[in-house]
Structure formats: C-alpha cells, structure tokens
Amino acid sequence: MVFLWPTLLWLLLAVPLLVALYAWLLHRRKQQALNYPSLGLVRAALGPGQRLRRHIPPTLFLLALVALLLAAARPMAVITLPSEQQTIVLAMDVSGSMRATDVEPDRLTAAQNAAKAFIAELPRHVRVGIVAFAGSAQLAQLPTQSHEDLVKAIDSFQLQRGTATGNGIMLALATLFPNAGIDIAALGERQAMRPRSLDEVTRQDPAKTFTPVAPGSYNSAAIIMLTDGQRTTGVDPLEAAQWAADRGVRVYTVGVGTVQGETIGFEGWSMRVRLDEETLKAVALRTQAEYFHAATAADLKKVYETLSSRLTVEKRETEVSALLALVGAALAVLAAGLSVGWLGREMEPPHRALAKQELLALIP
C-alpha cells in the first residue's frame, strides 16, 4: 500500500500520546476516588467482564481515529474492480480444418457453443463484435450489446479454404479503430490465396502521425482469436500482433485441437492440420495477453469461462480513502453506542452513574 500524502502519517504519532493520556486519567481517577473498605467484594460483584469492557469503547474510538488518519493520507491499494473494457472482438477460424472431429462433435461446433456460452455470461454493457476468417477475413457482426444478434452471427459460419490468422487480427483492429488506415477490402479478398505484407493492407495518412503506446495499455477493448491451424495466407500474424501491441490492444489466443495434428478431408481433398502453438504464444506475448490451449470441448468451455472472468474484472491500483473513512466512522459510532449502552450515563441518576464510575476507577 502506498500513500499519496505520506507526510500526514506523522499524525499517527498522536496515537501513543492518547494511550498514555488515557492511562494517566485512569490512574488519576484512582487517586481521587473514595476509599471503600470492602473493595474485594466490589471487584467480585462486578466480575472480570465488567472490568474489561469499560476499556472497549475507548479502544474502538482509538481505532476509529487511526483509520481516519490513514484515510487522510490517501492510501492506494491494488484491488479487484469491474473492468473498463467495453468492447471485445471474437476473431474465429472458419477454415476447412475446423471440421475435424478430434474435438467433439467437431472443432467448429465446439467453438460455436463455447463462444455462445461466453457471450451469455458477459455483462450486458459489454459490446461484442465477431470476425470470421479463413483464406480471408469478414466482419460477421459489428460490436453490439445484443446477444441475440451475436448468436445468429455465430450460427451463420460457413467453412472456407485457407487460414489467414493475421487478417483476422487486422480486421478485428479495423473494427476497433475505423480510422487506423486498415484496408478492409484487401483483408476480405479471396482471390489472392498467398501470404501478404502488412503494407498491402494498410495505408498511412501522411498528414497524421502515430505514436505507439505501451503494449496492453489500451483498457477499452480486447481481441480473442481462436484458431486450429497454421497461417497459409494473408498477413503475418506476428506483424499483425505488433500492430495491435503498438495500439495497446491485447490479443488473447486460443488454440483448438491436438498439438500433433490430424488429417482431414474436405470437398475431395485431404490435408494434415497442426496447431501452431509457437505463433499463438508469440502473438499473446507480444500484446501482453495470454495463450490458452483447448484439446477438448470441455477445455474450450473452461477457456472461455476464464477469459470472461479476466475481461470483466481486473486488478488495478485505486485510492481507498473512502473505504477507510467509512471504517473509521463505523468504529466511532460503535464506540459511542457501547459507551452509552454499557455505562448508561444518560439513563441512570447522576449519583448512581458517579458511584459506578468511581467503582470502576478503583478496580484494575
């Protein structure tokens, strides 16, 4: 815990002085009290509880003072709070390899079911957009708070050839930053099934200057990319990840399927697909995010549950002065209530209250 105004902590030196003053007043009261002949009988009649609880209200009041002095120094603490992220873009692989059945019932269906469950758990104020990518990338759904529209977009996925993971990231960024200079039309071209450079899909306005920010520092949005294979076309995903990192956007990556790969058939042809974990880990690392592997449908569901908790709450340093002030006020009220309730000074006649006070002062 750190303090914005640490010099005010010197006021805490008054606490031991108050304790010493309280002890001195008790001692002085004993010296001035009447000399009762049967003090042992009085002590036995009152009992140990009565002797101890007379110190509780002053102790609570002292704790209240400490809490208020700490609040005045404006303490900062790392606590868990609702996340400021308002937009999440799901970039989902719809390449032909997603029909593989190593994840039951198949990779695509498992990914669709997990994505829909993820959306259902999100708070309604969070907007979600959906990007589908294979040999090209298409925006399946603009960011929206309508869970019904998102489910329809996910159910409408159609398998295609190719895997352009970098295009998926770039289109997700274009969705978050419409004026960033990303050529959406180029990302959606299906004719050129070949690797492409980042320069081919971006155009920088000479009149505008761009200053990179710290990776992971953009707290208003995040990207979740789910894929099961290696890049075969489009933009290099590591270049796309650097583009995201320069804008502070985290790209969480999810690898679906077995690491050793599987041979699948699609429209008369067959191929062996292998999960490119190295690249997915590098993308997540470069953007200050995390990589998750899901070998089964249950794993995939757990991944999305984890991401939901990570993206809807976050730990950040926050001033907790109000919390300490509330604790101090509560302790002060409790101390006053116990003092009135136990000693009964307002309800008892003056001579009885004085007699009780003198008796308590005599008993250590």
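Is Q288 buried, partly exposed or exposed? I looked it up and found Q288 partly exposed, at 47% relative accessibility. The scale I used: buried is under 20% relative accessible area, exposed is over 50%, and partly exposed is in between, with a 1.4 Å probe and protein chains only.

**Ground rules**

I am working on a predicted model, where local features need pLDDT of at least 70, side-chain atom pairs count only at pLDDT 80 or more, and totals for chains, interfaces and linings use all residues. I number residues from 1 along each chain as its sequence is written, and side-chain values use heavy atoms, with hydrogens and water left out.

**Overview**

I noted twelve helices and 13 strands in the protein. Both are DSSP runs, numbered from the N terminus: helices are H or I with at least four residues, strands are E with at least two. The protein has 364 residues, and 45% of them count as buried. I then looked at contacts, meaning heavy atoms within 4.5 Å. Take the contacts with a separation of 6 or more: residues 24 or more positions apart account for 80% of them. The protein exposes about 18700 Å². Carbon and sulfur atoms supply 60% of that area. Such areas come from the Shrake-Rupley method with a 1.4 Å probe; for residues, only the protein chains shown count as cover.

**The cores**

Next I looked for nonpolar cores. A nonpolar core is a set of buried Ala, Val, Leu, Ile, Met, Phe, Trp, Tyr and Cys residues joined through side-chain atoms within 4.5 Å. The largest one has 71 residues. L90, F118, M170, L173, I224, L300 and Y304 touch the most other members. I followed M170 further. Leaving aside neighbours within four places in sequence, M170 contacts I182, L187, L198, T202, V235, A240 and W243. I also found a second, separate core of five residues, including A64, L331, A335 and L338.

Q288 sits in the loop between α9 (277–286) and β12 (291–294).

Where is R74? I found R74 in the loop between α3 (56–72) and β2 (75–82). R74 is not a glycine either, and its phi is positive, about 55 degrees. R74 is partly exposed, at a relative accessible area of 26%.

I also checked a peptide bond. The one from E104 to P105 is cis, with omega near -10 degrees. P105 belongs to the loop between β3 (87–93) and α4 (107–121).

**Two buried loop residues**

G181 is in the loop between α6 (165–176) and α7 (184–187). I read 16% relative accessibility, so G181 counts as buried. G181 and T202 are 21 residues apart in sequence, but 5.6 Å apart in space, C-alpha to C-alpha.

D276 lies in the loop between β11 (269–273) and α9. D276 is buried too, at 14% relative accessibility. Not counting residues up to four places away in sequence, D276 touches G229 and Q230.

**A surface patch**

Which residues make the nonpolar surface patch of about 360 Å²? I listed L18, L21, W24 and L25. Patch residues have over 30% relative accessible area and no salt bridge; like charges are joined within 9 Å, and nonpolar side chains (Val, Leu, Ile, Met, Phe, Trp, Tyr) within 5 Å. A salt bridge is a side-chain nitrogen of Lys or Arg within 4 Å of a carboxyl oxygen of Asp or Glu. L25 lies in helix α1, residues 14–32. At 41% relative accessibility, I count L25 as partly exposed.
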